[in-house]
Amino acid sequence: MNGYYAAYLGRIWESGSPVPELAGLIARLEKEDAEREALFDEAREAAVSVFGKAVYMRGLIEFTDHCKNDCLYCGIRRSNKKARRYRLSRETILASCEAGYENGFRTFVLQGGEDAALNDEFYCSLLGEIKSAWPDAAVTLSIGERSRGSYEAYRRAGADRYLLRHESADPDLYALWHPPFQRHSDRMRCLDDLKSLGYQTGIGFMVGAPFQDDVHLARELLFIRRFRPAMVGLGPFIPHADTPFGEYPAGSAEKSLIMLALTRLISPDVLLPATTALGTVEGEGRERGILAGCNVIMPNISPAENRADYSLYDNKVIDGRNAEESRGALAARIRKIGYEPVVSRGDYQGKP
Ligand code: SAH
């Protein structure tokens, strides 16, 4: 059964001018509280009809903040001389997986900067070790742009999923956020490679980042519809003081929730995390995300001493000192709103 907004979106796709129509819808939703609530209700029901009241938990390991890229919004960009750089050893990463596994996690998300010191051999042998120690766990990589050959090698070594936010479907906006050596076409090539290699592939973008308007956001939604990702990572932009975008305001929780809810209606079976950034701009942002159609949460299971160093933006919310505390804190929040935290692999069930 199509609800009001799903049907509305259906008409927009047919309209011949989907970008301005979608941009208009986004603007209206931002203005009208009642409409927004109705959208959130419909998106929540869409998620419940696919996933029930399950919220998948993923153990996030932020294993390096060395990065050769220079994204203007990001605190771990290479030009930020103030960033405290760390790189977890293979042993420490495995110990984090072990603690995560003991706490029930059956997905490990390995995320890091584009660390030039870590080569394919490192990743492949790490993946091999994780997969042989915990064969029933899924591994998601989020380590940026690599060659097709590298992606292929990681996949063979056992990686199941890959998160690479496209950041923007608009090459001109992308160019305002990145230095010239980071090319939009490379990002797109990577995403196509990942998908064709059989990864459950995640795309995504920030909301409320500098120079972004509703027309851009409309294009992001069209890109989601076209790409058909397994996952979408989407949260507010939050300034980091030691970046060129440090003086810009953060994106709002409200607008992020609108984009999450529309994403849910566009792809009912997509895996959609309520992100840490959403929980950072608003105390109960992640709960509100789940109530607007999200179905994934990613507790941080990195070692406590490195968490603050992995600083993409300022004031990142920290949920606990270890895997057990992070999981406990977020599980309690999920239960409190009537949902059930689930630690099974939670693979994407839709058609790729
Ligand atoms: N280097 C990896 C993963 C780390 S960055 C990669 O390129 O995929 C993960 C995501 O954090 C980015 O894709 C970006 O969308 C988001 N991010 C970076 N800086 C941010 C900021 N200041 N506010 C909100 N999100 C940010």
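In these legends, Ala, Val, Leu, Ile, Met, Phe, Trp, Tyr, Cys and Pro count as nonpolar, Asp, Glu, Lys and Arg as charged, and the others, Gly among them, as polar. You are looking at a predicted model, in which local features need pLDDT of at least 70 and side-chain atom pairs count only at pLDDT 80 or more, while totals for chains, interfaces and linings use all residues. Residues are numbered from 1 along each chain as its sequence is written, and side-chain values use heavy atoms, with hydrogens and water left out.

**View A. The largest pocket and its lining.** Let us start with the largest pocket, whose volume is about 210 Å³. Its lining has 13 residues, and R225, R228, L265, I266 and S267 are the closest to the pocket centre. (On a 1 Å grid over the protein atoms alone, a pocket is an open set of points with protein on both sides within 12 Å along at least five of seven lines, a cavity is a set where a 1.4 Å probe fits but cannot get out, and lining residues have an atom within 4 Å of a point; grid points are joined across faces, edges and corners, and a volume is the space filled by probe spheres set on the points.) By class, the pocket lining holds 8 nonpolar, 2 polar and 3 charged residues. At least two lining residues come from each of α1 (4-14), α9 (214-227) and α10 (253-266), and α1 gives the most, with 3. (Helices, H or I of at least four residues, and strands, E of at least two, are DSSP runs numbered from the N terminus.)

**View B. Helix α3 against α10.** Here α3 (residues 33-51) packs on α10 at an angle of about 45°, and the two axes are 9 Å apart. The pair is therefore oblique (under 35 degrees counts as roughly parallel, over 145 as roughly antiparallel, 65 to 115 as roughly perpendicular and the rest as oblique). Axes are lines fitted to C-alpha atoms, for helices over the stretch in contact, with angles from 0 to 180 degrees between N-to-C directions. On the α3 side, look for R36, L39, F40, E42, A43, A46, A47 and F51; α10 meets them with E254, L257, I258, A261, L262, R264 and L265. (Contact means heavy atoms within 4.5 Å.) This contact has 11 nonpolar and 4 charged residues, and no polar ones.

**View C. Helix α2 against α3.** With axes 5 Å apart, α2 (residues 18-31) and α3 pack at about 110°, and they are therefore roughly perpendicular to each other. R28, L29, E30 and K31 of α2 touch D33, E35, R36 and L39 of α3. Charged residues number 6 in this contact, beside 2 nonpolar and no polar ones.

**View D. The largest cavity.** The largest cavity has a volume of about 970 Å³. Among its 48 lining residues, Q111, S142, R165, Y310 and L312 lie nearest the centre. β2 (59-64), β3 (107-112), β7 (231-236) and α11 (276-281) each supply at least two residues of this lining, with β7 giving the most, 4. The lining comprises 24 nonpolar, 13 polar and 11 charged residues.

**View E. The second largest cavity.** This cavity holds about 70 Å³ of space. Around it you will find R58, T107, V109, T140, R161, L163, M231, L271, P273, V296 and M298. Two or more of the lining residues come from each of β3 and β5 (161-163). The lining of the second largest cavity divides into 7 nonpolar, 2 polar and 2 charged residues.
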